[in-house]
Amino acid sequence: MKQKIEALLLHAFGALKTNGFIDQDLEPHIVVERTRDASHGDFTTNVALTLAKAAKTNPRVLAEKIIATLPQDNAITHVELAGPGFINFFVDRNSQYEIIQRIHAEGDSFGLSHVGAGKKVQVEFVSANPTGPLHVGHGRGAAYGSAVANLLNAVGFDVYREYYVNDAGRQMDILATSIWLRYLENCGEVLAFPSNAYRGDYVRDIAATIYKSACNEYRRPAELVLENTPLDEPEGGDKELYIDALIARTKTLLGKSLYRDFFQMGLNTILDDIREDLHEFGVDFQQWFSERQLMEDGSVDAALDRLRVGGHLYEHDGATWFASSSLGDEKDRVVIRENGQYTYFASDIAYHMNKLDRGFDQIIDIWGADHHGYIPRVKAAITALGADESKLKILLVQFATLYRGDEKVQMSTRSGDFVTLRQLRNEVGKDAARFFYVMRRSEQHMDFDLKLATSKSNENPVFYVQYAFARVCSVFRQLDGKGWERNVLLGMNSLNLLTEEHETHLISILARYPEALQRAALQYEPHQLIQYLRELATAFHTYYNAHQFLIDDAKVRDARLNLISAVKQVLSNGLGLLHINTPESM
């Protein structure tokens, strides 16, 4: 209906151009919205207000001219001028039933659109360091990123999902060293485990697996491992210096080739676990992009060369700096340290250059909210690389906080004291986890209520929405149990009998699904779709409790069955985009 009204308005503007009331080159930006008050009609537009200055006339005068030149349409009963120049449209009651016919005709495609016009969008999300299993904090980014990608795809964008694997740098060396030290314990070596190493049980498990296959191949005496190393923190030393010394000893004692093999075994084990964990969570990627690849294939050097040619790099105190403060950052940033090593930011610049060179129309990075301060420097890099910074959209996700009763569960990958995403799924299920994760704005803090997520009550929002779908299914099972047949055509021809307030309210909500989907996609806010589905489920449950569907009057019965079948279809479509199941019984 909004599209129909927009088309009517465009026709009116064409007529006003023809008769010379407005200039030929004047292009109206038409926005049609639903009214908040039914007394003001069903739809409204402020186009006369926004265009009056350019048209060199009074808004009310322009609105009157628009109304006078609108073509007739049977779906519109009347149009009225309101306030300073609003145009309100009143829709014929019978035309509202067309949405039920449309939902039945389009099925799984109902709500999809081509707003994105096939534009290529890359969505990079999760991208957690492969130093341990995913925890419940990562789960929110996974659910949010997956939902955003699905929504964009639903409205016509060509979406490419990507995971950036941080498989280079110090944290990976700490992981490899942690696994090797646990491996040495399996070999019978005795040494105190570093305070700054990764301590989770998963490190022991990886080490045990490597020992089982390699036996003593990587074994070195504990006294050699600890030779000339400084004191660790518990002995009064510096834990950072100590772990760095152990990393150096690990590389020296194993040699480049064996260290690389050991490093890769640990990396592959954790990455395989992350990949499987996300797949079971309904999240898959077209590409797992390696940071180490950027360093090995010369991409980092190429990116820095491009910045150097553009005059954005300079040398100071033996380091190479990116002059990001001249491009909106709070200060300049080091890209090559005094020791010749690249910073993490240098590889990040190369990664974004790679994204730009792949020709995406829009690049979307989804980060944890703790990376907020990182945004200006990356946008500065985009500009310095010669692109418009508007090509990059950065969306932030607050980590979820998990509670067991009144006790907050701390999550630290280094210490190993955290709840994994897999544990959460096993406890509450994939559907509840994904629903709860995207139920609020991504940048809002979230407390994950385990008790609520597993309860089978109306207070549990995912249960409440899924139960609406299951209730529709139960009505059709009851229909079969009575030996009655549903006559879809008779129901479609009898939709005008759906005059109860609950029915017309439900129909109006169904009609809003395409715009709710489009708005959620274009604003990167899947919680808007969740809110819509909860509203639809509430309206259906109210209708279910107030009226009988399986009545003797075949016309009313089949009309109501067509209505609730449409509810079932829209619930399926919406939940499907969120990768949430629709059980037929609960």
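Reply: Helices (H or I, at least four residues) and strands (E, at least two) are DSSP runs, numbered from the N terminus. The model is predicted: local features need pLDDT of at least 70 and side-chain atom pairs 80 or more, while totals for chains, interfaces and linings use all residues. Residues are numbered from 1 along each chain as its sequence is written, and side-chain values use heavy atoms, without hydrogens or water.

Me: Which residue follows α13, and what is its phi?
Reply: Helix α13 covers residues 375-384. The residue that follows α13 is Gly-386, and its phi is positive, near 95°.

Me: Is Leu-258 buried, partly exposed or exposed?
Reply: Leu-258 lies in helix α9, residues 239-280. Buried means under 20% relative accessible area and exposed over 50%, with partly exposed in between (1.4 Å probe, protein chains only). Because its relative accessibility is 22%, Leu-258 counts as partly exposed.

Me: Which residues does Leu-258 touch, not counting those up to four places away in sequence?
Reply: Contact means heavy atoms within 4.5 Å. With residues up to four places away left out, Leu-258 touches Glu-217, Tyr-218 and Arg-220.

Me: How many residues of α13 are buried?
Reply: Among the buried residues are Ile-375, Arg-377 and Val-378. The cover over them includes α11 (299-309) and β12 (392-397). Helix α13 is largely enclosed by the rest of the structure, because the buried residues number seven of the 10.

Me: What stands opposite Phe-43 in β4?
Reply: Two strands pair if DSSP finds at least two bridges between them. Strands β2 (43-45) and β4 (86-91) pair in the antiparallel sense over three bridges. Opposite Phe-43 stands Phe-89.
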